[in-house]
Amino acid sequence: MKTKQIIKRARKLAKPFRVSKGKDFRLKDVDPNDTLEFTKEQDKPRAKEALTSGILALAELQDKLYAQDKWAVLLMFQAMDAAGKDGAIEHVMSGVNPQGCQVYSFKSPSAEDLDHDYLWRCMRCMPNRGHIGIFNRSYYEEVLVVRVHPEFLKKQKLPPKLMDKNIWEDRFEDIRNFEEYLTRNGVIVRKFFLHVSKKEQKRRFLERINDPLKNWKFSSNDAAERDYWDNYMDAYEEMIQETATKDAPWYVVPADNKWFTRVVVAAAVIETLADLDLAYPEVGEDKLKELAAARKKLLSK
Ligand code: ATP
Ligand code: MG
């Protein structure tokens, strides 16, 4: 399939899951088990083929992004545990040149992190121009886990008078402004929420317990977080309502079927790159002369 066709298909696949205006977003409108027109049994191979050709198209676009060296792309991934963030990142980015890609995972903040404002540790990891930066978790944890567990906020050493009831609203506003700042500086921001159901998460946790090769992935703390499921869902919904904008949209991706999640994430990244005016730098008169001179010199010895 030609790149043009792949891009067209990617736009169609990504569109239903893109949230560019948060106001009317409702999480209940997204079914984690949704697979669009792909039926699980018959169309899974077709979806996998879409991913394979998508990965090739992505590699081509990324090569131009790198050569042009103007735009940077920041992709942020958020999800409940076992939703498949790691696998999605691994598969979707498998075709791109590692030299043009940077991945950072944000875990519980260190003492040094907590000694700074919350954006600090992420700001240090912004992608260079020409690069794709991937955040596996991000500053969005600051309005998710920190909101669900107020004891984390207490550890942030904020002056007490700044910890008032407006803190979440203030954070949303600061995040919106920060992303606008990035956009105005040529850093394209796209955010992904991989939306897994509570039932499918339970199935995946049990698989981690029952399969010795997956035991290392299981943490009882992750399972304990299930008690706070509804609080997390409320936090996710409000986060998306407050921070989905035209320039920095969220993609809310159904995550009960890993093969489908990956196809949609790849499609969203393809549409993001395809929307940029990517092109190889033009070779001007001077460069042509330089090339001709170099050829002559090389051939003369
Ligand atoms: P993941 O859970 O992302 O697949 P992991 O299991 O390898 O990765 P963990 O050690 O579980 O890594 O780290 C992720 C944990 O860090 C999550 O529970 C997340 O909520 C927490 N975390 C990330 N950022 C923050 C933050 N700013 N404040 C508090 N906790 C945070
Ligand atoms: Mg974890």
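User: Which residues of helix 9 are buried, and what covers them?

Analyst: The model is predicted, so local features are reported where pLDDT is at least 70 and side-chain atom pairs where it is 80 or more, while totals for chains, interfaces and linings use all residues. Residues are numbered from 1 along each chain as written, chains are lettered from A and ligands numbered from 1 in written order, and side-chain values use heavy atoms, without hydrogens or water.

An α-helix has 3.6 residues a turn, so residues three or four places apart point the same way. On the face of helix 9 turned away from the buried side are the exposed residues Lys199 and Asn210. The elements covering the buried residues of helix 9 include helix 10 (220-224), helix 11 (229-243) and helix 12 (258-274).

Ile209 also belongs to helix 9, and with a relative accessibility of 45% it counts as partly exposed. Setting aside residues up to four places away in sequence, Ile209 touches Asn215 and Phe218 (contact means heavy atoms within 4.5 Å). Between the C-alpha atoms of Ile209 and Glu141, which are 68 residues apart along the chain, the separation is 26 Å.

Helix 11 meets helix 8 (residues 167-184), their axes coming within 9 Å and crossing at roughly 45 degrees (lines fitted to C-alpha atoms over the stretch in contact, with angles from 0 to 180 degrees between N-to-C directions). That angle makes helix 8 oblique to helix 11 (under 35 degrees is roughly parallel, over 145 roughly antiparallel, 65 to 115 roughly perpendicular and the rest oblique). On the helix 8 side, Phe172, Ile175, Arg176 and Glu179 meet Glu238, Met239, Glu242 and Thr243 of helix 11.

Helix 12, in turn, packs against helix 3 (residues 85-92) at an angle of about 55 degrees, with the axes 9 Å apart, and helix 3 is therefore oblique to helix 12. Here Gly87, Ala88, His91 and Val92 of helix 3 meet Arg262, Val265, Ala266 and Val269 of helix 12. In the loop between strand 2 (72-79) and helix 3 sits Ala82, whose phi is near 70 degrees, a positive value in a residue other than glycine; Ala82 is buried, at a relative accessible area of 11%.

Elsewhere, helix 1 (residues 3-14) and helix 2 (residues 40-68) pack at about 115 degrees with their axes 10 Å apart. That contact involves Thr3, Ile6 and Arg9 of helix 1 together with Glu49, Ala50, Ser53, Gly54, Ala57 and Glu60 of helix 2. Helix 2 has 29 residues and spans 40 Å from first to last C-alpha, close to the 42 Å expected. Just after helix 2, Asp69 has a positive phi of about 60 degrees. Leu36, in the loop between strand 1 (18-19) and helix 2, is not a glycine and yet has a positive phi of about 50 degrees; it counts as partly exposed at 32% relative accessibility.

Ser138, between strand 4 (132-136) and helix 6 (145-148), counts as buried at 2% relative accessibility, and beyond its neighbours within four places in sequence it contacts Met76, Gln78, Phe106 and Cys122. Asn185, in the loop between helix 8 and strand 5 (187-195), counts as partly exposed at 34% relative accessibility. Finally, helix 13 (residues 285-300) has zero buried residues among its 16, so it lies largely in the open; its C-alpha span is 23 Å, close to the 22 Å expected.

Definitions and conventions: Buried < 20%, exposed > 50% of the residue type's maximum accessible area, 1.4 Å probe, protein only. Helix = DSSP H or I, 4+ residues; strand = E, 2+ residues; numbered from the N terminus. Expected span 1.5 Å × (residues − 1).
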